[in-house]
Amino acid sequence: LKYINHRAEHDAEAFVHDCEEGYHRQLHLVADQIAANCKRKPVVLLNGPSSSGKTTTNDRLGRILELAGIHAHMISMDNYYRTSGTYDIPFDEENGVNDLESPECMDLDLLRDHLTRLVAGEEIMVPRFDFETRTSHRNERAVQLHKDEIVMIEGIHAFNPVIMGDLEKHASVLLTDHNIRVEPHMLRFLRRAMRDSLFRSSPVEHTLKQWNSVRRGERLYISPYRGQADLTVDTYLPYETNILMQYLSEKLQGEERMLEQADLAPLSAILDRVSPIDYKPYMPEDSVLHEFIG
């Protein structure tokens with residue numbers, strides 16, 4: 001905390017630049033590995049916990065591969081969620097909330113069919129899910145995997161055999177976020193609370209109430225399959241803490257009990273101890289943080 005506050009206060013431009021450069025170096029290394037194996041493994045599965053930056057990382061990897069002459073089709077598993085009210089949402093008895101992390105919230109039959117047909121070279125029509133209205137829109141976009149192309153599929157269930165079955169010929173990328181004193185899941189809470197309040201019509205209090213169930217979903221649906229990853233990317237940018245806490249600290253004041261119940265108690269201790277940072281002139285347009293703060 002002392003280190004990031006010092007850099008935020010005295011060295012903001014270089015701090016932002018150093019963080020972003022570290023992230024991009026990882027992306028180029030991963031893209032090199034994907035390119036080297038694309039003929040043998042044309043399907044890339046990108047997995048990571050909630051708010052680890054899957055969508056942006058998938059997009060940035062695709063852009064790098066395009067520059068190398070490899071066309072990448074992008075598919076988000078989020079678009080395979082089912083319309084709210086058309087099915088019984090699984091219930092998380094442990095935390096007393098709906099289990100929105102469950103793969104049963106997705107149209108598994110359609111997703112499995114699309115993956116099988118993609119690998120066979122057939123055209124599919126990818127749906128789109130509207131998170132504000134919780135509605136699925138079918139047949140939004142045509143995708144077909146041609147020779148010397150790859151498809152990049154991101155989602156929290158990308159490694160789950162319930163969905164992927166015995167799909168062969170894929171490379172796997174796992175997003176992580178190490179090297180922080182506040183634990184990684186606490187950082188992801190800040191990211192998700194910010195994103196959901198700004199873009200998904202969900203107040204910070206709702207994200208806080210749902211957080212234990214999100215963590216349960218990570219234990220059940222992500223952690224058992226981490227060992228399948230061929231490559232990893234650390235998406236944490238140290239300067240983001242100075243941004244997220246600047247906007248969220250006031251909303252989290254007085255929520256110490258809920259933070260403790262959600263295993264987020266250390267955040268209470270730093271609510272008023274993180275220096276703001278003048279980041280807007282320096283944050284690049286392709287930063288992963290735009291996924292959470294706009």
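This is a predicted model: local features need pLDDT of at least 70, side-chain atom pairs count only at pLDDT 80 or more; totals for chains, interfaces and linings use all residues.

Residues are numbered from 1 along each chain as its sequence is written, and side-chain values use heavy atoms, with hydrogens and water left out.

The protein chain carries 33 positive and 48 negative side chains, where Lys and Arg count as positive and Asp and Glu as negative, while His and the chain ends are not counted. The centres of these two sets lie 2 Å apart, with each charge placed at NZ of Lys, CZ of Arg, CG of Asp or CD of Glu.

Turning to the fold, the protein chain holds eleven helices and nine strands, which are DSSP runs numbered from the N terminus (helices are H or I with at least four residues, strands are E with at least two). Of the 294 residues, 52% are buried, meaning under 20% relative accessible area, whereas exposed means over 50% and partly exposed lies in between (1.4 Å probe, protein chains only).

What lies inside? The largest nonpolar core has 55 residues, a nonpolar core being a set of buried Ala, Val, Leu, Ile, Met, Phe, Trp, Tyr and Cys residues joined through side-chain atoms within 4.5 Å. Helix 2 (residues 12-36) gives the most to this core, namely nine residues. Among the residues with the most contacts inside the core is Tyr 239, and, leaving aside neighbours within four places in sequence, Tyr 239 is in contact (heavy atoms within 4.5 Å) with residues including Phe 15, Val 16, Cys 19 and Ile 277. A second, separate core of 29 residues includes Phe 129, Ile 156, Ala 158 and Met 164.

Some single residues complete the picture. Asn 58, which lies in helix 3 (residues 54-67), counts as buried because its relative accessibility is 2%. Asn 139 lies in strand 6 (residues 135-143) and is exposed, with a relative accessible area of 54%; although Asn 139 is not a glycine, it has a positive phi of about 55 degrees. Ser 201, in the loop between helix 6 (184-199) and helix 7 (204-221), likewise has a positive phi of about 55 degrees without being a glycine, and Ser 201 is exposed at 58% relative accessible area.
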